[in-house]
Amino acid sequence: MYRLLLLDDEEFVLKGIQRVYDLPSYGFEVVGAFSNPLKAVEQLEDLKPDLVITDVKMPAMDGLEFADEVKKRNPDAEVVILSGYDDFSYAQAAVKLGVSDYLLKPIKKDDFISMLRHMYRKIEEKQSREKSWQILNKLLENNWIELKNRYYLALTELDNCDEELYEVLLEQGQIDFQEDVFLLIKMDTDQLSLTGDFVSEIAHLSQEVEMLLADYGDILEFYSDESLYFVLYRLDENKYDEVCDTISSLAETRRAEGIDFPVGFSYIHHGQGELFQARNDCTRRIFMMEANIDESSEANPVKRQELNLTIPYVEIENLFQAISMDDPEGVDTAVNQIYTLPRQNLPVLLRDYVSSITFLILLRIFQMQNKYDAQGEIVSPQLLDLKYLHREYPSLEEQKTLVKHLSLELKQLTAGQNEAAPSRMIQAALEYINQHFSENISLQEVADNINISKNYLCDIFKKEIGVTFINYVTGLRIEKAKDYLRNSDMKMYEVSAAVGYNDYAYFSQIFKKNTGVTLSAYRKKL
């Protein structure tokens with residue numbers, strides 16, 4: 001029930017509203033009904049109304065002045081003006097004060113009911129939004145896990161070093177490695193079909209990988225809603241092949257269990273400044289695997305050792321950023337930069353070099369069109385055949401024109417998916433998550449329930465919220481667990497099950513990792 005305050009200098013109007021309309025059935029409880037605006041002002045801070053319905057013409061203080069007092073004391077309250085004056089100047093003044101609605105007397109029953117329903121939805125959405133942001137703020141407040149995740153993810157996926165965040169993390173001793181030798185492992189998780197709770201299953205997979213890698217060096221883990229990343233640093237470079245075999249064996253075991261997900265690993269790199277390059281190594285290897293091309297075969301279009309030229313990964317990222325931002329000029333600029341060859345090149349390998357670039361772009365478009373549920377193909381499997389590509393588009397200019405054309409087609413596809421306002425979509429997503437977080441919830445399920453593609457939801461979640469879906473759900477579960485620990489006598493395993501974790505021992509680890517204390521220690525210190 002939301003709190004309703006009524007104000008009208010005519011008593012019969014106050015009584016009539018309460019008698020004619022079953023206000024509780026519309027979600028409102030009358031906490032005050034006043035005929036004197038000065039007395040109503042005195043009670044505002046105590047009554048804390050969510051909705052105020054007030055007449056305009058009253059002695060001592062008119063409705064607009066009262067609305068102004070309401071907004072000063074409680075800016076979040078909704079105010080509806082009732083007036084017998086069909087004067088546009090009153091409506092103008094009401095709008096400037098932030099009044100939500102303006103109804104003329106005599107009041108029509110249907111109009112009043114419509115107003116009540118509209119106000120209820122508006123208050124409901126506002127409070128749901130505030131609850132979501134409160135949870136988000138709690139999640140981010142001194143949450144070094146999330147802040148580290150954000151820092152390393154930006155460095156790895158965007159080649160973007162947040163200097164301010166780096167200084168904060170460094171001061172708190174949260175920077176794990178800077179100049180160490182490392183290799184990066186990337187596991188794409190966005191296509192996983194898991195039978196259990198998605199959030200828990202991903203965390204279990206992460207633990208398993210960490211256990212496999214523990215003997216090879218130090219491990220830094222971070223993740224997006226599409227990929228898991230593991231940095232293995234301070235490792236013996238002679239163990240490189242063994243590490244790669246270990247991870248490949250894990251992937252094969254999962255495939256045998258019917259869980260197929262791509263895995264890529266980088267070459268040896270030095271220092272966190274090379275994380276972006278290492279991520280591109282991983283992405284390239286995943287591309288090779290999905291295209292069924294052996295890394296060592298002659299059919300491999302991207303050979304690091306033979307091509308003494310640099311793949312323009314940054315420019316390729318700029319291209320896809322321009323596509324996602326619906327920026328045709330940016331697409332044109334990025335394509336021109338991608339196909340501007342370095343001055344020193346090897347003529348014998350020129351065709352392979354250009355084709356390597358084109359292949360990487362086409363394969364990424366091919367993947368994205370599937371994620372966005374394209375009605376027609378932008379890139380066909382045939383285009384990913386190098387022999388076909390060389391035959392139909394033999395020159396640099398022809399491949400450049402092809403890439404530009406297909407990039408603009410992808411831009412149109414993604415723009416069509418992005419027509420709905422991101423903030424509105426995110427609010428719908430958060431409301432669904434807040435209602436179902438204790439169930440076996442996944443990003444795909446949320447996207448299906450608000451009728452947008454998972455890929456688009458993932459993009460706007462990252463941009464608008466700034467935390468991963470997994471961390472948001474985990475944060476919700478932990479906050480609810482704290483509430484149970486504070487306000488109930490539930491046993492620890494009951495708390496764990498109530499927030500979505502059937503494995504009590506596992507939830508205990510998650511709770512301690514995020515709060516610094518165990519479940520029992522948290523309850524004892526209350």
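Author: A pocket is an open set of grid points with protein on both sides within 12 Å along at least five of seven lines. Its volume is the space filled by probe spheres set on those points. Keep in mind that this model is predicted.

H8 gives the largest share, with 6 residues. By class, the lining divides into 15 nonpolar, 8 polar and 5 charged residues.

Stay with H19 for a moment. This helix covers residues 469-487. It carries a salt bridge between Lys482 and Glu479, whose closest N and O atoms are 3.4 Å apart. The two residues sit 3 places apart in H19, so about one helical turn separates them.

Arg255 has a relative accessible area of 25%, so it counts as partly exposed. Arg234 is not a glycine, yet it has a positive phi of about 55 degrees.

The total is 17 salt bridges. Another joins Arg73 and Glu45, with the closest N and O atoms 3.9 Å apart. Why does this pair tie together parts that are 28 residues apart in sequence? Because Arg73 lies in helix H3 (residues 63-73), while Glu45 lies in helix H2 (residues 37-47). Arg73 is partly exposed, at 36% relative accessibility. Glu45 is exposed, at 52%. A network of salt bridges links Glu45, Glu69 and Arg73.

Follow the chain on from H2. The loop between H2 and strand E3 (51-55) contains Lys48. Lys48 has a positive phi of about 45 degrees, although it is not a glycine. Its relative accessible area is 54%, so Lys48 is exposed.

Thr54 is in strand E3. Its relative accessibility is 0%, so Thr54 counts as buried. Beyond its neighbours up to four places away in sequence, Thr54 touches Leu7, Gly63, Phe66, Val79, Val80, Ile81 and Leu82. Thr54 and Leu64 are 10 residues apart in sequence, and their C-alpha atoms are 8.7 Å apart in space.

In a cavity, a probe fits but cannot get out. There is 1 cavity of 30 Å³ or more. The largest cavity holds about 100 Å³. Which residues line it? They are Arg279, Asn280, Thr283, Arg284, Phe287, Tyr313, Ile316, Glu317, Leu360 and Arg364.

Three helices each supply at least two residues of that lining: H10 (275-290), H11 (313-324) and H13 (350-371). H10 gives the largest share, 5 residues. By class, the cavity lining has 4 nonpolar, 2 polar and 4 charged residues.

One last stop is Ser407, in helix H15 (residues 396-417). Ser407 counts as buried because its relative accessibility is 0%. Leaving aside neighbours within four places in sequence, Ser407 is in contact with Leu319, Ile323, Val331 and Ile365.

Technical notes: Residues numbered from 1 in each chain as written. Predicted model: local features only at pLDDT ≥ 70, side-chain atom pairs only at ≥ 80, totals over all residues. Heavy atoms only, no water. Helix = DSSP H or I, 4+ residues; strand = E, 2+ residues; numbered from the N terminus. Buried < 20%, exposed > 50% of the residue type's maximum accessible area, 1.4 Å probe, protein only. Contact = heavy atoms within 4.5 Å. Salt bridge = Lys/Arg side-chain N within 4 Å of Asp/Glu carboxyl O. 1 Å grid on protein atoms, 1.4 Å probe; cavity = no way out; pocket = protein on both sides within 12 Å on 5 of 7 lines; lining within 4 Å. Nonpolar A, V, L, I, M, F, W, Y, C, P; charged D, E, K, R; others polar.
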